[in-house]
Amino acid sequence: MRHHALRVFVSSATLLALVILGLAFGKITDLPTLLALCLLMLIGGLLRFSVASNYLASLDSVALMAVYVIAGPWAAVIATAVAYLPQVRRRLPLIRRVFNGAQRILATAAGGVAYALAGGPVGDGALSHEARAVFGAMAATLAQHVTNAALVSLVIWIDGKSSPVEFLRQVVLPTFFPMAGYSFLGLLLAVVWLGGLGALAGLLVLVPLLFARWALSQYEVERTAQAATMRAFIQVIETKDLYTRGHSERVSEGVGMLGRQLRLSDDRQSALEHAGLLHDVGKVGVPTSIIRKPGRLDDTEMDAIRLHPARGVELIGNIPFLEEVKSAVLHHHEKYDGSGYPAGLSGESIPYFARIIGIVDAFDCLTSTRSYRPARSVEETLAILKQDKYTHFDPLLVDAFVDVIERNGWKSSVAELPEPDATVEATIDHDDLSLGSSGGASGSAAGPV
Amino acid sequence: MAWESPEGPEVSNRLGSGIVIVIAGLGLGLAALLITARHGVTEWPFVAAFGLLIAIGEMVQFKVDRSRNRAPIATSAALGYAMLRGPSLEVAPDIAQVIAVTSVATMIGMCPRAIAGLRWDIVVSNRRVLSVACAAVVFSAVVPRDLGWNGSWRHAIPLVGAMLLGVLTAGLVDALVGAGQATELFNKPFPASLRDELLVMGRIGMAMGLSGVLLAAGTSLLGLWAPPLVIVPLLLTQFAFRRFASAQRTYRTTVRSMARSTEIAGFSSPGQNARTASLAVAIGNDLGLTPARMEALEYAALLSGVGQLALADPSPGGASLLRTREERQRAAEIGASVIERSGVLDRVAEIVRHSNDPYRQGRASNSAIPLESGIVNVALAYEQLVGEGTGQSPDKALESIGLGIGAEYDPVVVESLRRVVGRGFRF
């Protein structure tokens, strides 16, 4: 039923688009200009780049507005159709490819109608009727964007697989203002074109945008480099103890899962993942002999271990992270009832990120092998977390974390770690120590920490 | 992006030629203001609009690299104003008015930053006044004052050609001044500084210049409707380069912080890595390395000891365990493989790998070993001799390093070290 409705909808949209396209071919007057504009649209369409985090802006919205102004709406329809050809994504199913093409033509046509209705001048008239050109451009952008959004929402709604509201919220709203900005730039391109510069105007507009695009891509490169470098360092630090290998990266992944569940903003999400990765970085300041020491640690040695959060902050203090990253590293061993270290904070006064990391930290520790015990199963560990949730952890966050793990599962560390070593009596990991009641290091071994 | 010394604040306190630039810029601005005041201001609305744009651009300037501030919106707006013509303007602004508007608007834009305690740099802002003045002079020398846009390519092409010439002049002047400053501050050979400056000019400079041309052409044709229409490339350039600069800064601090882990672990004394790196950077500048190589060199110097982390605990005194060459080379090898693991610092890893190779068995016979390894080797040795606590005098240290020329140390690097120390380099 749905499938049928979808086909009817897409075919009628396509039919309408083809009719409009056919009419447009009948209205061609100035072929050389049209060809130059099609070339501009093609180039614009190939130069896509991401603005903000997940929005792909393609420069064809710049070119499209220029076509409206220079050669009129009918030419814009043809140029849109031409520019779509190299953008067809072969991996998409046929019906979507057809729909995407039809949808673009219809949106362009709607923009053209709006441009004409608003009295937008075509050709040299734009130089003498600036105000009408600007209002025409606004009207065209609005009509084009609304038509595009309406058609895509409709097809999403008929298809029934995802929510059109989500689409409106995540794609349409955030893209409106950048799109309007690009359209204005297109108007300016048209004016300089008509002002005598012709196709050279395209270069004036595109080249600065290309440099901006280059800078944006360099930004990504730097970010990736930073993440890779931090991971490499964490791996070196973890070589101090075979049993904690990969721990920081798993914690980073785990807090990432929990962060998405809590719907953090993009900035805070990546800050949280950084904090998860770096939470134990201060262990580099704890002598390896203590970290690897078999048996019980005496008070001095415990003090050395308790210093690691402060050491971590000392190390990362200069990196311009959000403040939350530093407070999370400092307080990730605090407990909800106030019995943790270094400050003995309790309840909500423990920083939010620190509470999140505390949970995932303990979870990964329990599901990993230690020299004195094998790894626990995920179910068993979740039970332990639930049991401890009023003493050690933020109960609400524990519930959220249990939800996430039950839904998405957990990539356990067991495969990549050494077996427990029967000859070792008890090396107690500092993360195990944070779990009193039913952790492996219960009772006397753990002591009041 | 030209490399500059790690101590940003120190740099901005040392003015030197900066004073000349500031006096020249302010003097020019004042003279232009007086001339304009006598002749009267033409086309007030354009003065106000472009002045506002310049001031706002100056206000939202950001830091690129260590000590260079950038304000792409202000630069584009000032260049755009310098090249306005009819039909929108009956009287194109003359050179004095262009300079006066740029200068006054720049000062106005700087005030809020100074009051709010943000970073501001009067030298960089005055460099812009000077280069915009040059662009204005070239543009009006090439184009008659009554030549305006009329919709025909016969006017448009010469106009845009002259604009590009003007923008190019501005870029070259700024590159020359910038290179002179880099040479003065970091003792980098002038040709190398100029090459670095021109590289920057080819990227952000090109974007700023072409946006200026677009702004001028659009405003000449459309009047004051045009500036809001150019908002996208202006903001995008600002946003993109600003984000890039901040990511770059974050990355550099990350590497520096990570390098300090050897100090926290007790393998090296506090500040040792930073001292070694500052000397390596000074030598690299003296030898005129490219910015990319400078960056790798600084990272390598900072990270040269990181291999020790994977070895056993340091001795209780905190002194380095690695007394023999074999031990040091092994640590360097481990360090290199650690750095390689990041996947993005291969050149750094290569430098670290050979940073303890003696010159004769290393670079003298194998040209694949980078010069930077030799620099790090010498910087490490000099720091060990002079660095905090060990306290040899620079002369004595130079003498003992001199004994190892050709066998232990690369002669080119030792010569450079002599120059650097001779100019008064101290940790």
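A salt bridge is counted here when a side-chain nitrogen of Lys or Arg lies within 4 Å of a carboxyl oxygen of Asp or Glu. By this rule there are 23 salt bridges over all chains. The model is predicted, so local features need pLDDT of at least 70 and side-chain atom pairs count only at pLDDT 80 or more, while totals for chains, interfaces and linings use all residues. Residues are numbered from 1 along each chain as its sequence is written, chains are lettered from A in the order in which they are written, and side-chain values use heavy atoms, with hydrogens and water left out.

In one salt bridge, R250(A) pairs with D364(A), and the closest N and O atoms are 2.5 Å apart. R250(A) belongs to helix α10 of chain A and D364(A) to helix α16 of chain A, so the pair ties together parts that are 114 residues apart in sequence. Helices are DSSP runs (H or I, at least four residues), numbered from the N terminus.

Across the interface of chain A and chain B, the rule finds zero salt bridges. In this interface, 57 residues of chain A are in contact (heavy atoms within 4.5 Å) with 55 residues of chain B. The two chains bury about 5300 Å² between them, with 78% of it on carbon and sulfur atoms. Buried area is the accessible area (1.4 Å probe) that two parts lose on being put together, summed over both.

Two helix pairs are set out below. Axes are lines fitted to C-alpha atoms over the stretch in contact, and angles run from 0 to 180 degrees between N-to-C directions.

| Helix pair | Axes come within | Crossing angle |
|---|---|---|
| α9(A), residues 200–238, and α10(B), residues 231–259 | 8 Å | roughly 20° |
| α4(B), residues 72–82, and α6(B), residues 122–142 | 9 Å | roughly 25° |

The angle makes α9(A) roughly parallel (under 35 degrees) to α10(B).

Residues making the contact include A78(B) and L79(B) of α4(B), and V132(B) and F139(B) of α6(B).

Two loops of chain A remain. Most residues other than glycine have a negative phi, and most peptide bonds are trans. R263(A), in the loop between α10 and α11 of chain A, has a positive phi near 55°. The peptide bond from Y341(A) to P342(A) is cis, with omega near 5°, and P342(A) lies in the loop between α15 and α16 of chain A.

How values were computed
Angles under 35 degrees count as roughly parallel, over 145 as roughly antiparallel, 65 to 115 as roughly perpendicular and the rest as oblique.
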